[in-house]
Amino acid sequence: MPVNFEVKGMLAKLLATEDLVVEHKNVQTACFNVHTRVLTLPMWEKASNTVYDMLVAHECGHSIFTDDIDWTEKVKVPPAVVNVVEDVRVEKLMKRKYMGLAKTFFNGYKELNEKDFFSLADENLSKLNLADRVNLYFKIGNFIDVPFNQEELEIVKLVGNTETFDDVLEASLILYKYCTEENQTQKVDIPELNSHQSGSVGEGGEGENNGGMEEPISSEQSDDTEGNQSESAPDEGEQSTGTNDKSQPNCSPQGGVGSTSKDFDVQTMKSFEDSVKDLIRNSVSDTVYVEVPEVNLDTVIVKNKDLFEYINDFWSPYAEEPTTFAYVDADYQKFKKSAQKEVNYLVKEFECRKAADSYARATTSRTGVLDCSKLHTYKYQEDLFKKVTTLSEGKNHGLIFMLDWSGSMSEVIKDTIKQLYNLVWFCKKVNIPFDVYAFTDSFGPLILQGENGYSLPPAEHTKPKENEIVIGNWFGLMNLFTSSVRGPELEDQMKKIYRIVDSFKSYGAYSIPPKMTLSGTPLNEAVITLHQILPKFKKDHNLQKVHCVCLTDGEGSAMGRYRMVKRNWEKEPRLGTAYIDSTAYLRDRKTGFVYKFGQEGKTVTDVLLQNLRDKFPSVSFIGMRILSSRDVGHFVRMYCGYYGNLYEKTMSTWKKEKSFSLKNSGYHSYFGLSSNALNNSTEFKVEEDATKAKIKSAFVKSLNSKKMNKKVLSEFIELVA
């Protein structure tokens, strides 16, 4: 059975009893950084689940028991020797903490021994230095005879009895001294004493070598070579357990007593590293873990006041020509009047659902006062007291809207704005706080101006960091509307935005402010800003329930990540960028969740939304996709596949109602709405001399339009009530 890497990552967190940062990468073997608390697990292609579980358990042992200290100042011992001794202690303590791991270690090392991972087939064990033989004894000593003389057995017992990291350093120093003396005198005639004849090593049978029994010392101490040495410097024996990782301040390899670390090596660890290379998935690109950056909202958001000051200044020449906007303003008033039915329907549905919810949470209790109207029933019922019903208070709601201000919206943006205005008027009627943002890449870079009118370099939205998502300085959020604006001023603002969107489709007698033109689709960037916008909005308005509605017609643009790059002609590496592809994972250190990006562009948005849902579980995320008839099939296939019941059912619903709702996207509910059916002006109108057929056709058309709107609005209210 292939290894499920995500399951193994969860296993690591459970064993470590800590929300570790787990990374699955195309590395030779596992390693744990005790300083950064990052556990890196290899994406082995041929390893069994047993070996992989042993690997995970070993590294989790380092996360629990290995100290984050700079031990190199205490003793001058090569890290490879400390690795050997620390492995023994860590695996012993892990088996003591989790009794079931003894079998995992035993079977794992049995499999590695059968595959000759330590390259012992043609090796004379008596020729190996003591550090190598100690390493083999505590890893695969159940399956081979490791020779020691009487002096060496005392050192083996000392290693097996280590309980603290100070014990490890003391035993490492003694082991290393013996090895260097052994090298200097070139000892080769070691008595062939079988380690199984030497008696117990360690306390209480914890480290006993029981001659092949299920829980020997050899099965206890094995994974550290496997789990850590791949990241070590080949010539300096860098400690891969995390006690001497290069990314730590205490990771500088130190020379040993009487020689440098380059003069000493643990051969069995090297052999293991060479053997483990065959397990690596060489055909797969290395995985990348990216994180969501913290965005500076002050530079991203174009404030409502600043936005309309800019619009008013640009349109100031038209102030003396009141007829310039006469046609579009009349159209706006006509739409507003016709929309009141839908708005009132929204209000009615919302109040009904709130009342029902309040009634469902009502509590009834006795008052302790006799109800005189029930006294005559005292013979057959005991309940003679008056009761009082307490209705719990409803929740405070708030709504945030994200509007797509991209060029592809030009054909449908007016109908989209109409749908948005319905929801804004609904919020005003029921006193729900709201903010409406339009995401764009046209306004952001131009908002900063120098003294002479020249554009200044755009302010940084984030502080660039390696492996964080790039938020370009061209990105901006226009705060079109907000509930903090008074009624008459809000009405004037809605009228002006209506003028702008009307001019995208029909040429008028006025110009559009240049910064308000349609742009690209920075949908993903807008979703990322919600990490800061949602908690701020909730805190500012003292809300219990927040809902986020995104109105768009397509997928977001591709996203990049920061990475360190070093080119041949540059002296130092610098921070560059690369695209996020299917080898990337999104990691959230606060929630502990990891999400995989897929092949399709839509998965980036879905992953970012799922991350938001996990981080803000009380927030409802609603998507409204405005679709023309030619785009419906492509959109449905992205989420429902090309065939099957879900696809057929969704397309059937679309044909009947010109709308549908998907539940398998990043949103809680993703509405597909027909751009043609969104027009609220569909009324029952017929000419005086109309035939019965025309009257029937007009009535059906009006009924279908109202049916579609009411169905969508009803489901929307169900989500936000």
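Modeller: Before we start, angles under 35 degrees count as roughly parallel, over 145 as roughly antiparallel, 65 to 115 as roughly perpendicular and the rest as oblique. This is a predicted model, in which local features need pLDDT of at least 70 and side-chain atom pairs pLDDT 80 or more, while totals for chains, interfaces and linings use all residues. Residues are numbered from 1 along each chain as its sequence is written, and side-chain values use heavy atoms, without hydrogens and water.

Biologist: How do α12 and α15 lie to each other?

Modeller: Helices (H or I, at least four residues) and strands (E, at least two) are DSSP runs, numbered from the N terminus. Axes are lines fitted to C-alpha atoms, for helices over the stretch in contact, with angles from 0 to 180 degrees between N-to-C directions. The axes of α12 and α15 (residues 487-505) come within 12 Å and cross at roughly 60°. Therefore α12 and α15 are oblique.

Biologist: Which residues of α15 make the contact with α12?

Modeller: Contact means heavy atoms within 4.5 Å. On the α12 side, N304, F308, I311 and N312 take part. Facing them from α15 are Q493, K496, I497 and I500.

Biologist: Is the crossing of α1 and α2 left-handed or right-handed?

Modeller: Helix α1 (residues 5-16) and helix α2 (residues 49-65) have axes that come within 9 Å and cross at roughly 35°. A crossing is left-handed if the near helix is turned anticlockwise from the far one by less than a right angle, and right-handed if clockwise. For α1 and α2, the crossing is right-handed.

Biologist: How many residues in the contact of α1 with α2 are nonpolar?

Modeller: The contact includes F5, L11 and L15 of α1 and Y52, V56 and I64 of α2. Ala, Val, Leu, Ile, Met, Phe, Trp, Tyr, Cys and Pro count as nonpolar, Asp, Glu, Lys and Arg as charged, and the others, Gly among them, as polar. In this contact 2 residues are polar, 2 are charged and the nonpolar ones number 10.

Biologist: Which are the edge strands of the sheet?

Modeller: Two strands pair if DSSP finds at least two bridges between them. Here 8 strands with mixed pairing form an open sheet, in the order β5-β10-β9-β8-β11-β16-β18-β17. The strands that pair on one side only are β5 (301-302) and β17 (659-662).

Biologist: How many bridges join β8 to β11?

Modeller: On one side, β8 (residues 397-404) pairs with β9 (residues 434-440) in the parallel sense over 6 bridges; there L399 stands opposite F434 and I400 opposite D435. In β11, L551 is the bridge partner of L403. The strands β8 and β11 run parallel, and the bridges between them number 7.

Biologist: How many residues of β8 are buried?

Modeller: Buried means under 20% relative accessible area, exposed over 50%, partly exposed in between (1.4 Å probe, protein chains only). From β8, H397, L399, F401 and L403 point one way and G398, I400, M402 and D404 the other way, all of them buried. The strand β8 is largely enclosed by the rest of the structure because its buried residues are 8 of the 8.

Biologist: At about what angle does helix α14 run to β8?

Modeller: Helix α14 (residues 413-429) lies across several strands, including β9, β10 and β11 (545-552). Its angle to β8 is about 170°.
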